[in-house]
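This briefing goes through one structure by topic, from chain totals to sheets, cores and contacts between parts. Please read it alongside the sequence and the coordinates.

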Amino acid sequence: MGSITLKQVRKAFGDIEVIPGVDLEINEGEFVVFVGPSGCGKSTLLRLIAGLEDVSSGQIIIDGQDVTSAAPAKRKLAMVFQSYALYPHMSVGKNIAFPLKMAKMPEEERQKRVNHAAGILNLTDYLDRKPGQLSGGQRQRVAIGRAIVREPAAFLFDEPLSNLDAALRVNMRVEISELHKKLATTMVYVTHDQVEAMTMADKIVVLRAGRVEQIGSPLELYHSPANRFVGGFIGSPNMNFLEGPAAEAFGAHAIGVRPEHFLMSKTEGQLPGTVGVAEHLGSDTFLHIDLDDGTHIIARAAGEFPISHGDRIWLTPEEGRVYRFDKEGLAIT
Amino acid sequence: MARAVSTRIKIGYTVAAWTVALIIFFPILYTVITSLKTEQAAISGFDLWPSFSLESYRDVQSQYNYFKPFMNSVILSLGSTALALAVAIPAAWAMAFSPTKHTKDILMWMLSTKMMPAVAVLVPIYLIFLRTGLMDTRIGLTVMLMLINLPIVVWMLYTYFREIPGEILEAARMDGATLKDEIIHVLTPMAIPGIASTVLLNIILAWNEAFWTIQLTTTNAAPLSAFIASFSSPQGLFWAKLSAASTLAIAPILIMGWFSQKQLVRGLTFGAVK
């Protein structure tokens, strides 16, 4: 239960092609995250899987069945929306029970399932409230509860945490990950936040302009990005790119070095520069450095690093941590 | 932070507001006062003190049978509202949830018909009513009132339906709701405040409509608006009786308006604040 296959799925709105043709295999029980900058087509791809948009061509197969032209309800999927999309006139209990009511499940069984889901999500005390009386995090849990009770083949999440504040977002991230462990159901999750992608996913699909740039586990993407875009998108702060003589020394058009992969010295090294802003976070120090060739670099030093604005610094990329890219931006292996 | 307002300024505003409200309300108040006077007292000059005589009301009912036009008003306003909803709900639904390139144009065109002076189409409509035997019939007037208010009803419902987030309907679809379930369990309950204020406003508009009701009725189908108009010529000098009849005509709608203030305000300011 819960494998999803996309075969050359293409979507165009009028003359504008938003997804030029995607092939994708999602295995049963996997947590797959679609990540990419806004407008990259990740939400559209999710809505195509959900059946909320019709594909222009291609095939969508869920559990071996071709559902390309099936109605959303017939696909055995449950979706959690960015805006939660709760029914404002129904109580929390009725909201969660709604899909079961639509499936004409007997009242008794319905109640049992709602109570079970409410238990998992800590909503038992709120079943009689209206969504308007809940906090953002609680509403999100109701939306998840409504998805759980259906026991779907897979869950679809469309940027579910982007309306929450930072602290709550971290909590919900953990909660959703735990839920995935508990239910072991396939989850497809859309986000523009690469931290969410890295922390939650079994498999990340990086999208740009409707195209799949790379598919892999979080650490695969971190350690071997297929191109400059993926290298720059995964990791925080972003990967630094150097061109010119510095790159030529490595036999590449451009090289990428992550902020955490610089050796720093106040006396010697390969790349001399001047410190602009130094952000002292205690656990880390982020240095914004202007190299002498004009390139702007962000470097991370673990722990405290006594340096301030205007100081001279020499950077040396760690051995084996330099990513080389050709003229087209593809990784040289 | 709320702006700090001194007590003196607050009192000043309150007095000013009450003054303006009283000036606006005064003609209605004086009509009610006059209706409670005897004819002699009514004609003898300005006096705010009624003589608490119900004589005029008795006369209006016994001589002119107030209840017939009253019932006509009820039937016309409720009937035309029901008819308008039956047409406008599906129309607004389609425009709000599956709009085409021309949806806006159609809406504007419908609204533009309200800008046309009614008298411009008086002759053709009068002739149609005359030739089809609809003249002075409740059914003819119900349809007429429905048609003149339809653009407003469609616009209002369209605006309300547009406020319902599409994601909620999509969620219902994901949850296995058919189109019928979606409409019954999700859309309609969410739109009920909007539908209610549309209904109220339309009842009031239909109740107060005076141009077509006067032109297209004589006795059988005449509602209160036509009744008052016809009353003013033979009884024009009998102020107390005229006032009693006017009071009886506006009282039902005033009472209804009072009880449904909240809905009405929402209806009249629709789309202003989400």
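This is a predicted model: local features need pLDDT of at least 70, side-chain atom pairs count only at pLDDT 80 or more; totals for chains, interfaces and linings use all residues.

**Chain A overall**

Of the 333 residues in chain A, 40% are buried. Chain A holds nine helices and 18 strands.

- The C-alpha trace of chain A spans about 75 × 45 × 30 Å along its principal axes.
- Among contacts in chain A with a separation of 6 or more, 63% are between residues 24 or more positions apart.

**Domains of chain A**

- Chain A is split into domain 1, covering 4-231, and domain 2, covering 238-332.
- The C-alpha centres of domain 1 and domain 2 of chain A are 37 Å apart.
- Contact between the two involves six residues of domain 1 of chain A and nine residues of domain 2 of chain A.
- On the side of domain 1 of chain A that touches domain 2 of chain A, three residues are nonpolar, two are polar and one is charged.

**Six-stranded sheet of chain A**

- Six strands of chain A form an open sheet in the order S6-S7-S8-S3-S9-S10, and the pairing is mixed.
- Strand S6 (77-80) and strand S10 (211-216) of chain A are the edge strands, each pairing on one side only.
- From one strand to the next, the twist averages 20°.
- S6(A) and strand S7 (residues 154-158) of chain A run parallel and are joined by four bridges.
- A:Val80 has A:Phe157 in S7(A) as its bridge partner.
- Helix H4 (residues 136-148) of chain A packs on this sheet and touches S6 and S7 of chain A. The direction of helix H4 of chain A makes about 175° with that of S6(A).

**Strand S7 of chain A**

- S7(A) is largely enclosed by the rest of the structure, because five of its five residues are buried.
- In a regular strand, side chains alternate between the two faces of the sheet.
- In S7(A), A:Ala154, A:Leu156 and A:Asp158 point one way, while A:Phe155 and A:Phe157 point the other way, and all are buried.
- Five bridges link S7(A) to strand S8 (residues 186-191) of chain A in the parallel sense.
- Across that pairing, A:Phe155 stands opposite A:Met187 in S8(A).

**Four-stranded sheet of chain A**

- A second open sheet to note has four strands of chain A in the order S2-S1-S4-S5, with antiparallel pairing.
- Its edge strands are strand S2 (16-26) and strand S5 (65-66) of chain A, and each pairs on one side only.
- Strand S1 (residues 4-13) and strand S4 (residues 57-62) of chain A run antiparallel and are joined by five bridges.
- A:Thr5 has A:Ile61 in S4(A) as its bridge partner.

**Strand S17 of chain A**

- Strand S17 (residues 312-317) of chain A has a covered face made of A:Ile313, A:Leu315 and A:Pro317. The uncovered face of S17(A) holds A:Arg312, A:Trp314 and A:Thr316.
- S17(A) pairs with strand S13 (residues 262-265) of chain A in the antiparallel sense over four bridges, and A:Ser265 stands opposite A:Trp314.
- Strand S14 (residues 271-280) of chain A also runs antiparallel to S17(A), with four bridges joining them. A:Leu271 has A:Leu315 as its bridge partner in S17(A).

**Nonpolar cores**

- In soluble globular proteins, nonpolar side chains tend to be buried together.
- The largest nonpolar core has 122 residues, and A:Val33, A:Leu156 and B:Leu157 have the most contacts inside it.
- Helix H7 (residues 138-163) of chain B gives the most to this core, with 13 residues.
- Apart from this core lies another, of 17 residues, including A:Val275, A:Ile289, A:Ala299 and A:Leu315.
- Beyond its neighbours within four places in sequence, B:Leu157 is in contact with B:Ala88, B:Ile89, B:Ala92, B:Gly194, B:Ile195 and B:Thr198.

**Contact between chains A and B**

- Chain B places 14 residues in contact with 17 residues of chain A.
- Helix H8 (166-174) and helix H9 (179-208) of chain B each supply at least two residues of the side of chain B that touches chain A.
- H8(B) gives the most to that side, with six residues.
- The side of chain B that touches chain A has eight nonpolar, one polar and five charged residues.

Note on methods: Residues are numbered from 1 along each chain as its sequence is written. Chains are lettered from A and ligands numbered from 1 in the order in which they are written. A nonpolar core is a set of buried Ala, Val, Leu, Ile, Met, Phe, Trp, Tyr and Cys residues joined through C-beta atoms within 7 Å. A residue is buried if 20 or more other C-beta atoms lie within 10 Å of its own, exposed if 12 or fewer, and partly exposed in between; C-beta atoms are placed from the backbone. Two residues are in contact if their C-beta atoms, placed from the backbone, lie within 7 Å. Domain bounds come from an automatic or database domain assignment. Ala, Val, Leu, Ile, Met, Phe, Trp, Tyr, Cys and Pro count as nonpolar, Asp, Glu, Lys and Arg as charged, and the others, Gly among them, as polar. Two strands pair if DSSP finds at least two bridges between them. Axes are lines fitted to C-alpha atoms, for helices over the stretch in contact, and angles run from 0 to 180 degrees between N-to-C directions.
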